Amino acid sequence: MAETPGFELQGLIHYIGRLREASARGVRAALADTPKCRFGMLERLHYAICTYGIDGVIGVSELARAAGKPLPAVSRALRLLEQDGMAERRTDPEDRRKTLVRITPAGQQALRDCEAALNAYFTRVMARLEPAQLERMMEMRNVLVDALEAETAATLRAAKTKEDPDDGKDL
């Protein structure tokens, strides 16, 4: 791969690490005054229900599949959310072999409170930027992610082609 003028891989990796750490500290600070709700887990459950669930519930097996996590790990996380009153599991009345999970009203309120706190925090962060900086950032916000996703897809395709050289001939 050709060197890009002015590009320093180590500096980019350091920047991404700093961005991640600063964001995580800011999120923790923004959520300090909100009710304890294990926001990360609760938000991922909410996303899975909205994306893969039906009528505000999702099967625990479907949740594990969507999350790409083993079922015991998902069950442990759900147990914590249940202990906090944020989620509840129940047997599917149409198929007693399945367990469904939903976010409780308290969990819905906690999500709204946390999202409001995070919106306020990131609004204050963006207010610290000059309008021109903010405009440039918004124009470029997906460039690196798009490049990462494209390269990852190409790398996975290349790895798959090495495993099965006949795969993809019909494409």
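User: Which residues of α2 meet which residues of α4?

Analyst: In this predicted model, local features need pLDDT of at least 70, side-chain atom pairs count only at pLDDT 80 or more, and totals for chains, interfaces and linings use all residues. Residues are numbered from 1 along each chain as its sequence is written, and side-chain values use heavy atoms, with hydrogens and water left out. From α2, Met41, Leu42 and Leu45 meet Ala77, Leu78, Leu80 and Leu81 of α4; contact means heavy atoms within 4.5 Å. By class, this contact has seven nonpolar, no polar and no charged residues. Ala, Val, Leu, Ile, Met, Phe, Trp, Tyr, Cys and Pro count as nonpolar, Asp, Glu, Lys and Arg as charged, and the others, Gly among them, as polar.

User: At what angle do α2 and α4 pack?

Analyst: Two packed helices are described by the angle between their axes and the distance between the axes. Helix α2 (residues 39-52) and helix α4 (residues 71-83) pack at about 110 degrees, their axes 10 Å apart. Axes are lines fitted to C-alpha atoms, for helices over the stretch in contact, and angles run from 0 to 180 degrees between N-to-C directions. Helices (H or I, at least four residues) and strands (E, at least two) are DSSP runs, numbered from the N terminus. The two helices are therefore roughly perpendicular to each other, a term for angles of 65 to 115 degrees; under 35 counts as roughly parallel, over 145 as roughly antiparallel and the rest as oblique.

User: How many salt bridges does a search of the whole structure find?

Analyst: Side chains of opposite charge can pair when their charged atoms come close. The search finds seven salt bridges, each a side-chain nitrogen of Lys or Arg within 4 Å of a carboxyl oxygen of Asp or Glu. One of them joins aspartate 84 to lysine 36, with the closest N and O atoms 3.9 Å apart. This pair links distant parts of the chain, 48 residues apart: aspartate 84 is in the loop between α4 and β2 (87-92), lysine 36 in the loop between α1 and α2.

User: What else is aspartate 84 in contact with, leaving aside its neighbours within four places in sequence?

Analyst: Besides Lys36, aspartate 84 contacts Arg38.

User: Where is tyrosine 121, and what is tyrosine 121 in contact with?

Analyst: Tyrosine 121 is in helix α5 (residues 105-127). Leaving aside neighbours within four places in sequence, tyrosine 121 contacts Ala22, Gly26, Val27 and Ala30.
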